[in-house]
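Here are my notes on this model. Please read them with the structure open.

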Amino acid sequence: MDYAQFLARRVGGKVQKIAIDAGMSCPNRDSTLGWGGCTYCDNRAFNPPYCNPSLTVTQQLEVGKRFFAGKYPEMRYLAYFQAYTATHAAFSRLRCLYDEAMAVDDVVGLVIATRPDCVTDELLDYLQVVGRSRLVIVELGVETAHDRSLLMVNRCHDWATSQAAINRVAARHITVGVHLILGLPGESDEDMCQTVKQISKLPVNLVKFHQLQVLKHTELARQVERGEVDVRHWNASQYAALCARLATYLRDDIVVERWVAQAPPHMVITPRWGIKPAQFQQILNSLMIDK
Ligand code: SF4
């Protein structure tokens, strides 16, 4: 089953995520946990251009709906709280934001992107209740199962925290998505296989993979420039071969939302493959047997 089929089954029809920037920061940037953020992070790389934190949640959703409705008039929507750490605020504020999103016409659920150390019991209890009538996906930035890699990229959380968060979300019958980065500094193919094997033992529903991208003006770019960190120099076919191998270790019921990310080309130092996700998927499909 692919991601579109997964959503269609859960929601009962065609559904599109609309990204929202609710103006939150990240505890790894504002000193709650650390300064400077993860070494590879530049949120502008994945925030769509229609996201504008100066607009209300409702306004952002309406802009997003206009953007997509021309293509599919029957479309329904998931409010995707994506930017930075979308649970990094007082619960009372989070509840207002999420409730506002769900009051917008044709919004049938929530997707909330966050860190494994930013999901309080109070929040999860609320999402459990919401999940009885709407689709709720909590997307956790796990990235890897290896603590040395998490330390190297300054994630400021460890694998044990990720495991605990996955279990706590799943215990509330909330759909669990995890985000994994392939090609973190120092990680071998075997390390990445180990991560996928570990994920497959946990109550995970969705996985988003992406290749580590060295983005301009990030700490990672400076580390690479200074020769302090080495990153993979792989082409799309080599990366696809790894993905095909990882797929064999992924539990059959886990749905892969995507295998590759695409930051705006002008922001990327490496890898610069110059292909669209659909073209990458074709390469991958040619390598995969039955995943
Ligand atoms: S990747 Fe996520 S957790 Fe890391 S600094 Fe960026 S927003 Fe924060």
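1. Terms first. Two strands pair if DSSP finds at least two bridges between them. Helices (H or I, at least four residues) and strands (E, at least two) are DSSP runs, numbered from the N terminus. The model is predicted: local features need pLDDT of at least 70, side-chain atom pairs count only at pLDDT 80 or more, and totals for chains, interfaces and linings use all residues. Residue numbers start from 1 along each chain as its sequence is written.

2. The sheet. Seven strands, in the order E1-E2-E3-E4-E5-E6-E8, form an open sheet with parallel pairing. Strand E1 (15-20) and strand E8 (255-258) are the edges, and each pairs on one side only. Neighbouring strands are turned by 25° against each other on average, direction ignored.

3. Strand E6 (residues 206-211) pairs with E8 in the parallel sense over 3 bridges. Leu206 has Val255 of E8 as its bridge partner.

4. Helix packing. Helix H2 (residues 57-69) packs on helix H3 (residues 91-102) at an angle of about 35°, with axes 9 Å apart. Axes are lines fitted to C-alpha atoms, for helices over the stretch in contact, and angles run from 0 to 180 degrees between N-to-C directions. H2 supplies Val57, Thr58 and Leu61 to the contact; H3 supplies Leu97, Glu100 and Ala101. Contact requires C-beta atoms, placed from the backbone, within 7 Å.

5. The ligand. The residues around the ligand include Cys26, Cys38, Cys41, Arg29 and Arg115.

How values were computed:
Contact = placed C-beta atoms within 7 Å. Near = placed C-beta within 6 Å.
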